[in-house]
Amino acid sequence: MDETNFDAPAFPSTPFLCVDTAIMDRNLAGMAGRAATAGLSLRPHAKTHKVPEIARRQLELGAAGLTVATLGEAEVFADAGCTDLFLAYPLWVTAARAARIQSLASRAALRIGIDSVEAARELGQAVAGSGVEAVVEVDSGHHRSGCRPEEAGAVARAAMDNGLAVAGVFTFPGHGYGPGKRRPAAEEEAAALAAAVASLADAGIAAGTVSGGSTPTAAEADAGVLTEIRPGVYVFNDAQQVELGTCGWDDLALTAVTTVVSRAGRHVILDAGSKVLGADQPGWATGGGRILGMPDARITALSEHHATVAIPDGVPLPRRGDILRAVPNHVCAAVNLADELVLVRDGVPAGTWAVAARGRNS
C-alpha cells in the first residue's frame, strides 16, 4: 500500500488529483524507448495531460512534437515553447479560426487534419501561404471522423489545389478500446493507412507522414506502414488501461486522493464524484473506476460529489475519514476537470503543476 501521508499540511484537502512523478517518468521513458526501438516517431497527444511541464519532458525524451485536439490547446503549448504541433482534428475553419491559425503558424510548425474535399478547400482558402500543412484523416474502423482510405488522394489533391502542402495521412484506431480488440484494430489501422498512402500516390502525392497509434494499440503498431504514433493516456494510465491489459497497477501515475465520508454495509462513499473522476464508463468496463491497493473493489455509482465503492468480502472495510486513491476510468476527462495536479515523489510532496490547457475546447 502507498505510504504517502496525504494528511500532511503540504497537501490540499481532498479530493484532488495526484501524480506520482517517478511512475510518470518511467511511463514516459518506456513509450519513448518503445517508439525508438520500432523506428517510429513519437508525437504524444497532449490532450491527456494539458501540462507544459510534461510536454517538455516528452520532447526532451525525443518526441518529434505534440499532438493536440483543439486550437486552444495548440495555443497554450505554442505559448509554452512547443513549436511542432499537429492538430489531429477535422477542423472546420471560420474567419475567427483562420486568424488564430495564422497567428499560431507564425510561431510554430503546424499541421491540421482534414477529411473531406470541402474541408480541404475551406482550410486552403483561409490559410494558404501561412506554412500550415494538411494531414488527411482516414477511418480505419472506429467510424468517427475520417474519409474512406481510397478517398484520401482526392482530399489531398483538393488541399494542394487550394495552396496547402500535404504532409501525409493519419487515423485513430479508437476501436482498439475493448477487451481483445487491440491487435485487430492495429491490423485494420495498418491496412487503412497503406490504402490511403496508395491513394495519395495515385494522385501524385507522397505521404511523408503515416500516423496512427493509441495507447492500447501502440505496442501493435505496424512499423512497416506507420512512421509515427500518437498515444496520450500512457503518461498517466487509467482504469481502462488496467482492464485492457495495456498497463499494470504499478503503472498508474495519476489517482484521485479522496476521503471516505460515509459507509453502509460493504459500501463506502468517497468525496470524489463525477466532477473529479469524470463520468466515462464504457460498456465493457467493470465499474466507474477502481481503487489503488484494492484490485477487487469497484466504484459502482458516481454522482457529482459522491463515489460509491463496493468493498469485497475479506477486504478490511475502510473507516470514515480514511484516505483512498481512486483510479479514474478515463484519465483525460479527469484531468480536464482539475485546475492543478498535485505532485508526489517517493512519498514526499513535490509541488503542483497547473493544468494550463484545461477547458480549451475550441
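## The largest pocket

Let us start with the open space in this structure: its largest pocket has a volume of about 870 Å³. The model is a predicted one. In the lining of this pocket there are 35 residues, and those that lie nearest its centre are His 45, Lys 47, Ala 69, Arg 144 and Phe 172.

What kinds of residues make up the lining of the largest pocket? They divide into 13 nonpolar, 15 polar and seven charged. Helix H3, covering 71-79, and strand E4, covering 84-90, each supply at least two residues of this lining. Strand E4 gives the most, with three residues.

## The cavity

The structure also holds one cavity of 30 Å³ or more. The space in the largest cavity comes to about 50 Å³. Its lining is made by Glu 137, Val 138, Asp 139, Ser 140, His 142, His 143, Arg 144, Ser 145, Thr 171 and Phe 172. By type, these lining residues divide into two nonpolar, five polar and three charged.

## Aromatic rings

Next come the aromatic side chains. A pair of aromatic rings is described by the distance of the centres and the angle of the planes. The count of aromatic pairs in this model comes to four. For Phe 11 and Phe 16, the ring centres are 6.1 Å apart and the planes meet at 10°, so this pair is stacked. Are these two residues buried or exposed? Both Phe 11 and Phe 16 are buried. Together with Phe 6, they form one aromatic cluster.

## Around Thr 255

Phe 16 turns up again in the surroundings of Thr 255, a residue of strand E10, which covers residues 254-264. Thr 255 has a relative accessible area of 1%, so it counts as buried. Which side chain does Thr 255 meet through a polar contact of 2.8 Å? The partner is the side chain of Arg 325.

Leaving aside neighbours within four places in sequence, Thr 255 is in contact with Phe 16, Leu 17, Cys 18, Leu 292, Arg 325, Ala 326 and Val 327.

## Around Lys 50

Lys 50 sits in the loop between strand E2 (41-42) and helix H2 (52-60). Is this lysine buried or exposed? Its relative accessible area is 4%, so Lys 50 is buried. The side chain of Lys 50 makes a polar contact of 2.7 Å with the side chain of Glu 73.

Beyond its neighbours within four places in sequence, Lys 50 is in contact with Glu 73, Phe 77, Asn 336, Ala 354, Val 355, Ala 356, Ala 357 and Arg 358.

## Backbone details to look for

Most residues other than glycine have a negative phi, and most peptide bonds are trans. Which residues have a positive phi although they are not glycines? Lys 50 is one of them, with a phi of about 60°, and Asp 346 is another, with a phi of about 55°. Asp 346 is found in the loop between strand E16 (340-345) and strand E17 (348-354). At 69% relative accessibility, Asp 346 counts as exposed, whereas Lys 50 is buried.

One peptide bond also deserves a look: the bond from Thr 14 to Pro 15 is cis, with omega near 0°. Pro 15 lies in the segment before strand E1, which covers 16-20.

Note on methods: Residues are numbered from 1 along each chain as its sequence is written. This is a predicted model: local features need pLDDT of at least 70, side-chain atom pairs count only at pLDDT 80 or more; totals for chains, interfaces and linings use all residues. Side-chain values use heavy atoms; hydrogens and water are left out. On a 1 Å grid over the protein atoms alone, a cavity is a set of points where a 1.4 Å probe fits but cannot get out, and a pocket is an open set with protein on both sides within 12 Å along at least five of seven lines; lining residues have an atom within 4 Å of a point. Grid points are joined across faces, edges and corners, and a volume is the space filled by probe spheres set on the points. Helices (H or I, at least four residues) and strands (E, at least two) are DSSP runs, numbered from the N terminus. Ala, Val, Leu, Ile, Met, Phe, Trp, Tyr, Cys and Pro count as nonpolar, Asp, Glu, Lys and Arg as charged, and the others, Gly among them, as polar. Rings of Phe, Tyr and Trp (its six-membered ring) pair if their centres lie within 6.5 Å; planes under 30 degrees apart count as stacked, over 60 as edge-to-face and the rest as tilted. Buried means under 20% relative accessible area, exposed over 50%, partly exposed in between (1.4 Å probe, protein chains only). A polar contact is a pair of N or O atoms within 3.5 Å; within protein, one must be able to donate a hydrogen and the other to accept it, and residues adjacent in sequence count only if both atoms are side-chain atoms. Contact means heavy atoms within 4.5 Å.
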